[in-house]
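Trainee: I would like to learn how to read a fold from its model. Can we go through it feature by feature?

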Amino acid sequence: MEPLLIGGLVVVAALMGIGGTYLVVRRSPPVTVREPAPPDPEVMRRAEARGEELVEQSRRDAERIVREAELKARDEAVRRREELSRELDTARSEVRDLERRVEKREDAVEQHQRELARKEKYVDGLKEKIAEREDALDKKAHHLDGLIDKQTKQLHELSGLSREDAQKLLLERLERELSDEIAKKIRQHDERMKQQAEATAREIVTIAIQRYAAHQTAGATVSTVDIPSDDMKGRIIGREGRNIRTFEKLTGVDVIVDDTPGVVIVSAFDNVRRETARIALTKLIQDGRIHPTRIEEVVAETQAEMEKHIQELGTQAVLDADVQMPHEKLVYLLGRLRFRTSYSQNVLAHSVEVAHLCGIMASELGLSPAIARRCGLLHDVGKAADHEMEGGHPKVGAELAKRYGETSKEVLHAIAGHHDDITIDNIYTVLVASADAISASRPGARRETLEKYVKRLADLEAVACGFPEVDQAFAIQAGRELRVIANAQRTNDADAVRICRDIARSIEQQLDYPGEIKVTVIRESRATDTAK
């Protein structure tokens, strides 16, 4: 931009700045120049007017910038003042809260100090009273000792006996008085020991019967095989009995061929052997070729199929119980339980049922359902061993489970202790024992003969009627409940409670029964009059 000469000033440049255009003017140094041509007055006038406009515009822009800066600074100061005011209010509120807390704590401390001072004063008073009482008691004790010594001397002088002689006479008198009581205690102890011995003997005999049964139990140890005609009996026996002897030797069962038409009886205590023999004999009858060689082939084939079938039964039981697969030998033992019954209840089905019951109860109690189901499924595994091992089935089952890789302490304890054979100190053992009783005692679980059922009901009523205060007794709910009618004239409400408890204890001691029996004593007092 070319410089302009205005009134002795040189306008160098017009700069663009913030808020407008700034005109930079500097005075030109004296320069010696040639006199130019006189300027045009009109140009000079326009230049001066332009310069004045630029100066005025710059002044206005500067004032505007200053005003905006002042407003912004004022707003910032107001905002900062408000923030500081809020912070100051918050700090003051916190200080007031702290002051209140401190005042409360000071009040509490002062109250505590006053309470401590009061207690100390009370304790000091008690100490003084105790000291006074101790002194009084010591004086009384000395006085009583003197009186006792004096009276003792007087007693010795009057009786003419020394202390040792008096003690001897007293002991002899006590011995005579207590001799009858001692004899009674001895008789009670002997009776209790006899009862315990009888109970132990009964338990041992029961275990022995459970672990091994002879042929006297043939009613529950036989299977029948249908034959197409009675001519087949001769082929089963064979020439000089060689076929039947071979079959019995290979299967370990007794084959009874009698005059009963259309059937042949297979008898054995081992249910697995009996079932194997029944299937093999059925195959032989269907095949028609019955001779020693063919018998050996069919029996061997059937035994292999039975082993596989037992393993499948055990595997299915493990899956039904939703239990992690145990050792394959334990699975096989579980499968054998399918051919074992207890009071006509299938032991494998009973074990699966106990597993589910344990799982349900464990879930309700917040325990592990998986561990509970495993305990329930394996609790009767010892019954699959029969009489091959010594001991009851809880002990045998625990040994077998431990032998075949079962490491859970809960499972081993539940197997060994679900019949109270050992001290129960595990909650899962209690669950298994409870589920075992539930499964065995639920309606329809075990079949009883009509005579035994009627006798049990009659025994229940007889136990209740044996009490003199009882008029009538009725066994209801299939023997699960006993309703007793007490004589209102000979009893009161308190007697009814006592009679109910005594009847329940008598039932526990005298009768054997599954599950529980509820005893209800009813005492009714009636007043009758006639309006004439």
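Trainee: Which residue stands opposite I476 in β10?

Mentor: Strands of a sheet pair through backbone hydrogen bonds, either parallel or antiparallel. Here, E481 in β10 is the residue opposite I476. Keep in mind that this is a predicted model.

Trainee: In which sense do β9 and β10 pair?

Mentor: Antiparallel, over six bridges. Strand β9 covers residues 470-476, and strand β10 covers residues 481-486. Another pair to look up is Q472, which stands opposite I485 in β10.

Trainee: Do β10 and β11 run parallel or antiparallel?

Mentor: Parallel, with six bridges joining β10 to β11, residues 518-523. In that pairing, V484 stands opposite V521 in β11.

Trainee: What is the strand order in this open sheet of three strands?

Mentor: The order is β9-β10-β11, with mixed pairing. β9 and β11 stand at the edges and have a single partner strand each, so one side of each lacks a neighbour in the sheet. From one strand to the next, the twist averages 20°.

Trainee: Which helix packs on the sheet?

Mentor: Helix α14, residues 493-510. It touches β9, β10 and β11. The direction of α14 makes about 150° with that of β11.

Trainee: Now the other sheet. What is the order of its three strands?

Mentor: β4-β6-β5, an open sheet with antiparallel pairing. The edge strands are β4 (222-226) and β5 (254-256), each pairing on one side only. The twist averages 25° from one strand to the next.

Trainee: Which helix packs on this sheet, touching β4 and β6?

Mentor: α5 does. Its direction makes about 10° with that of β4.

Trainee: How many bridges pair β5 with β6?

Mentor: Three, in the antiparallel sense; β6 spans residues 263-267. In β6, V266 is the bridge partner of V255.

Trainee: On to helices. How many residues does α6 have?

Mentor: 29, covering residues 292-320. From first C-alpha to last, α6 reaches 41 Å, close to the 42 Å expected at 1.5 Å a residue. After the helix comes D322, with a positive phi near 55°.

Trainee: Which residues of α6 are buried?

Mentor: Start with the general idea. An α-helix has 3.6 residues a turn, so residues three or four places apart point the same way. In α6, the buried residues include I295, V298, T302, M306, I310, L313 and A317. R294 is also buried.

Trainee: What covers those buried residues of α6?

Mentor: The cover includes α4 (242-251), α5 (271-287), α7 (328-336), α8 (347-365) and α9 (369-378).

Trainee: How many residues has the largest nonpolar core?

Mentor: 37, and L333, L334 and L377 have the most contacts inside it. Each of α6, α7, α8, α9, α10 (393-403), α11 (409-417) and α12 (427-441) supplies at least two residues of this core. The largest share, seven residues, comes from α8.

Trainee: Which residues does L333 touch, not counting those up to four places away in sequence?

Mentor: V381, A384, L400 and Y404.

Trainee: Last, the whole chain. How many helices and strands does the protein chain have?

Mentor: 14 helices and eleven strands. The chain has 532 residues, and 29% of them count as buried. It exposes about 36700 Å², with carbon and sulfur atoms supplying 54% of that area.

Trainee: What share of the contacts with a separation of 6 or more joins residues 24 or more positions apart?

Mentor: 56% in the protein chain.

Key:
Residues numbered from 1 in each chain as written. Predicted model: local features only at pLDDT ≥ 70, side-chain atom pairs only at ≥ 80, totals over all residues. Heavy atoms only, no water. Helix = DSSP H or I, 4+ residues; strand = E, 2+ residues; numbered from the N terminus. Buried < 20%, exposed > 50% of the residue type's maximum accessible area, 1.4 Å probe, protein only. Contact = heavy atoms within 4.5 Å. Areas by Shrake-Rupley, 256 points an atom, 1.4 Å probe, with all protein chains shown as cover. Pairing = 2+ DSSP bridges. Expected span 1.5 Å × (residues − 1). Core = buried A, V, L, I, M, F, W, Y, C linked by side-chain atoms within 4.5 Å. Axes fitted to C-alpha atoms, helices over the stretch in contact; angles between N-to-C directions.
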